[in-house]
Amino acid sequence: MTEQTNSEIAERLSQKRSRILFVLAAIFLSQQASYFSGHDPARPVDHIKIGAWLVLSAVLLLMLATGGAWFRSAEVRALLNDETTREHRRTGFVNGFWAACLTAIGVYVVDMFEPLSGRDAVHIILTVAIAVALLTFARLERRAHRDA
Amino acid sequence: MPERLANGLKERRAELGLTQAELAERVGVTRKTVNTVENGVYTPSAMLAIKLAEALSVPVEKLFWIER
């Protein structure tokens, strides 16, 4: 088997990352369905659900912030975070910020009619912000790979 | 009409018989970046534009120009 160059490895990982991000976003969003289908903060199973959501949120944020591929060489990671990737990630963060602001406004308005707990409000805002940032980044990466 | 940065990257790369992957390797970016610059989807930084021009042995102003 021929040995792959760093560029080839980065190319392959970059394509894989854009696909995985869509899957992770789907898992992340589907997790919310079970959270909002009814939860009781006193039940241990709900602590696990919320814990799982927190862990996945932290991992996704870390992945967005660093680009992932944490166990690869510095050269491969540099290629995986080249100029366009950084630009796509920046756009993802900007969209995520706006989504968080708009969701916060929405939550504020909803709270006037249907009181929400502080925890629920944080959950909704954080979930929307991460999902929008993630999907924006994944979509831009996917588009950049297309037609190449 | 808005201004845009046009480029002759594809033509120059073809002249030299380079693939996108080969050019990307010379410049130290991924093929995805070369592809988005070539297609005008992404406007490169001055640093990347100069690196691309150097890799293709052509002055940067011949490789990139403003289209009005």
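**Terms and values for chain B**

Modeller: With 68 residues, a compact globule would have a radius of gyration near 11 Å, and chain B agrees because its value is 11 Å. The radius is taken over C-alpha atoms, and the globule rule is 2.2 Å times the number of residues to the power 0.38. This is a predicted model, in which local features need pLDDT of at least 70 and side-chain atom pairs count only at pLDDT 80 or more, while totals for chains, interfaces and linings use all residues. Residues are numbered from 1 along each chain as its sequence is written, and chains are lettered from A and ligands numbered from 1 in the order in which they are written.

Colleague: What makes up the pattern of chain B along the sequence?

Modeller: The order is β-α-α-α-α-α-β, with 5 helices and 2 strands. Helices (H or I, at least four residues) and strands (E, at least two) are DSSP runs, numbered from the N terminus.

Colleague: Why is E3(B) called exposed?

Modeller: A residue is exposed if 12 or fewer other C-beta atoms, placed from the backbone, lie within 10 Å of its own, buried if 20 or more do, and partly exposed in between. E3(B) has 8 such atoms within 10 Å and is therefore exposed. Of the 68 residues of chain B, 38% count as buried.

Colleague: Which residues does E3(B) contact, leaving aside its neighbours within four places in sequence?

Modeller: They are I66(B), E67(B) and R68(B); contact requires C-beta atoms, placed from the backbone, within 7 Å. E3(B) itself lies in the segment before β1 (4–7).

Technical notes
Two residues are in contact if their C-beta atoms, placed from the backbone, lie within 7 Å.
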